[in-house]
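This report covers a few local features of a structure. The model is shown first, and the notes follow it.

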Amino acid sequence: MANSKLYKGSLNTIILKLLDEGGRMYGYEITQKVKEITKGELKITEGALYPALHKLEAEGLLVVEVAKVDNRLRKYYKLTEQGVKEKTNRLVELEDFIRNMEQLVNPKWTIN
Amino acid sequence: MKLSQDQIQELYKFTRAHYVEHYDLQTELVDHLANGIEQQWAHSPKLSFDEAKQMEFKKFGVFGFMDVVAERQKAMGKKYRKIIWRFFKEWFQLPKILIMFLVIVIISVLLYNSTDEEWKQGIVLGLSSVLALGALGYFFITRKNRELDMIKGGKKWMLGEMIFQFGGITLLSNFSLQLGLSTIHAEGFILNNIWFDVSFAIVWTSVALVSYVAMFVIPSKGEELLAETYPEYKITQNL
């Protein structure tokens, strides 16, 4: 299993990105989607996912919709307008981070 | 295979037994567990409901749902403070701002003209006590009604609990009492200063306004705010 500590700081960005692509999603669906994309390498734990979703909702980045599915209620999350903007900002930050990490881990030495 | 209505109810009971007392969070966790159980059944159809339920519950870690509940409380607290701020701000627009201004001026003038130190301390302590004891008294008198409002429709909502517990605003009243009491030991040069008079008037008026918003304005709009926060609120009221 992937080292969850390394992913922890990026969980909110991952959620925002998935919701941007998937429209509206519910908690369980998000865990499965991440598992599917990373071929089981990364598992978002339930104990981390819901706090992250609730925090993003309280910040006004997500909005909740509820539907009755299979004799139970299901809560779907989707991005607000503010959430769409924030997703773009956070993705840029994450890409910068990945680029920097790549340079640190795999430096390309040049002789001037 | 899908879960039956009885099994869904069993999951609600299960979340309650594991310290999730609010319906909003219960609903989300029940759906999560149900999805997990159905997924397990897709791979191992012979697995019993209880076994599958326990396997899904284990995925939440050693503390079970406790972390999720604690973090949800934090997030909802933030939402509640935003609601207070929304109604608090209304008092900084015309014509309500005139009332605020008038109260601040009256208290400032009253303090400024109290040249006797003991008399001034008496006014400060009196005003602080009115707020603190008023809030506490109102909190106790309305206890029964508030508890009924909290579980209206047989369901307890996290935001509903905050609204009808006045968001712990009685702590703020305690702060105002401490503020009043601290003037007893204050040096004369602090008390006999126009900045003290104005500052006290502003702080007292702000605390009074926040208390008023939390104790009267927000609870009177309780239903509306719950429906606005929880899309499932109206659905479940009609069940």
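Is B:E117 buried, partly exposed or exposed? B:E117 counts as partly exposed because its relative accessibility is 32%, where buried means under 20% relative accessible area, exposed over 50% and partly exposed in between (1.4 Å probe, protein chains only).

## Basis

This is a predicted model: local features need pLDDT of at least 70, side-chain atom pairs count only at pLDDT 80 or more, and totals for chains, interfaces and linings use all residues. Residues are numbered from 1 along each chain as its sequence is written, chains are lettered from A and ligands numbered from 1 in the order in which they are written, and side-chain values use heavy atoms, with hydrogens and water left out.

## Backbone of chain B

B:E117 belongs to helix α6 (residues 117–141) of chain B; helices (H or I, at least four residues) and strands (E, at least two) are DSSP runs, numbered from the N terminus.

The loop between α4 (66–89) and α5 (96–112) of chain B contains B:P95, and the peptide bond that joins B:L94 to B:P95 is cis, with omega near 0°. In the loop between α1 (5–17) and α2 (23–43) of chain B lies B:Y19. B:Y19 is not a glycine, yet its phi is positive, about 65°. B:Y19 is exposed because its relative accessible area is 62%.

## A loop in chain A

A:D70 sits in the loop between β1 (62–69) and β2 (72–79) of chain A. Phi of A:D70 is positive, near 45°, in a residue other than glycine. With 33% relative accessibility, A:D70 counts as partly exposed.
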